[in-house]
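Me: I would like to go through the covalent and charged side-chain contacts of this chain. Please take them one at a time.

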Amino acid sequence: MRYIFYWNSMQLNHALVLTLVAGSLVACGGGGSSSPADPAVAVNPPVAPTASGDSTGSVSARFASGDSSRFVLTSIGLQSNGKAGALVQDASGALSTIGGIVFTGNPAVTREISGDATFAQGRWFKGAFSSSTGATTLTGNNASAHYVAYNVLAALPASGTFACDAGTFTAPSYTGGSSVPSGADFGTASGNASMAFDASGAKVVLAIDASAGGSTGKVTASTTIASPASSGITGGYLSGGTGAQLVLGDGGTGRYLLLAAYKVQLANGGNYQGVATFRCS
């Protein structure tokens with residue numbers, strides 16, 4: 001099962017009206033979870049020839065996807081997450097098929113490509129993506145689709161405290177709010193995170209600082225994720241306000257991933273969103 005949230009939107013590059021027309025996702029059950037009995041066979045995604053255009057970034061290894069692979073994707077008017085299904089990863093490391101969502105174009109441009117065997121992350125910038133619910137064209141203005149794919153943990157550890165690295169980020173993209181100049185369509189982000197496990201699950205703490213066009217903003221999140229396939233929703237993430245969706249991933253032996261899709265309002269009133277991945281050990 002995959003959860004998809006849509007808002008009807010009208011966008012004139014820097015003007016946007018969003019109307020909530022879908023349900024909400026509670027802070028547990030991140031969608032499409034695999035049962036413990038499901039096989040977790042790691043297979044590499046097929047390679048698809050894709051016109052790279054001005055794509056940026058790279059991966060250190062191909063994402064090792066399998067039955068436990070999931071994804072989070074956020075764009076203007078859309079939050080989608082669930083089982084990743086048949087993934088397609090091109091030679092640059094960019095994903096072009098995720099959970100039945102297909103990205104195409106000539107060129108099909110993906111920015112901030114990053115990842116390794118444990119995750120694949122990027123921002124669809126130019127091209128078009130489509131699913132069973134419709135198609136969206138990306139022309140290289142502020143509209144982007146941010147994604148990250150990962151593998152669910154088989155089980156949460158009973159205890160332990162883990163520090164996370166400085167994180168890997170897509171460039172936060174402008175989604176509406178106060179009008180901003182075209183040079184502020186995209187910004188930069190940095191952050192920090194930590195996690196600790198006990199009988200209640202994973203207690204995660206996250207802070208992301210975003211800036212664009214000389215203005216800054218911050219999103220903070222603190223929540224408990226009760227099971228490997230659960231999702232934590234904080235703040236106004238589902239309503240377009242500052243907040244985040246947090247999930248856990250398998251980072252390899254002795255390592256864990258904290259993955260976040262977030263929304264943040266800057267001091268100038270502009271709203272931005274992006275995704276981030278933290279490696280914790």
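**Disulfide and salt bridges**

Cys164 is buried, and Cys280 is buried as well.

Me: How many disulfides are there, by the distance rule?
Reply: This is a predicted model. The rule asks for two cysteine sulfur atoms within 2.5 Å. The sulfur atoms of Cys164 and Cys280 are 2.0 Å apart, and the two residues form a disulfide. The count by this rule is one.

Me: Which parts of the chain does the pair Cys164 and Cys280 link, and how many residues apart are they?
Reply: Cys164 sits in the loop between β11 (160-163) and β12 (168-169). Cys280 belongs to strand β20, residues 270-280. The disulfide therefore forms between distant parts of the chain, with a separation of 116 residues.

Me: How many salt bridges does a search of the whole structure find?
Reply: A pair counts when a side-chain nitrogen of Lys or Arg is within 4 Å of a carboxyl oxygen of Asp or Glu. Over the whole structure, the search gives seven.

Me: Is Arg123 buried or exposed?
Reply: Arg123 lies in strand β8 (residues 119-131), 11 residues from its partner Glu112 in strand β7 (residues 101-116). Buried means under 20% relative accessible area. Arg123 has 2%, so this residue is buried.

Me: How many residues apart in sequence are the parts that Arg279 and Asp165 tie together?
Reply: Arg279 and Asp165 form a salt bridge whose closest N and O atoms are 3.6 Å apart. Arg279 is in strand β20, whereas Asp165 is in the loop between β11 and β12. The parts tied together by this pair are thus separated in sequence by 114 residues.

Me: Which residues are linked with Asp165 in a network of salt bridges?
Reply: Asp165 is partly exposed at 29% relative accessibility, and Arg279 is partly exposed at 21%. Arg279 is a salt-bridge partner of Asp165. The network that holds Asp165 also includes Arg279 and Asp116.

Me: What is the relative accessible area of Lys218?
Reply: Lys218 pairs with Asp209 in a salt bridge, with 3.0 Å between the closest N and O atoms. Asp209 is partly exposed, at 32%. Lys218 is also partly exposed, and its relative accessible area is 43%.

Methods:
Residues are numbered from 1 along each chain as its sequence is written. This is a predicted model: local features need pLDDT of at least 70, side-chain atom pairs count only at pLDDT 80 or more; totals for chains, interfaces and linings use all residues. Side-chain values use heavy atoms; hydrogens and water are left out. Helices (H or I, at least four residues) and strands (E, at least two) are DSSP runs, numbered from the N terminus. Buried means under 20% relative accessible area, exposed over 50%, partly exposed in between (1.4 Å probe, protein chains only).
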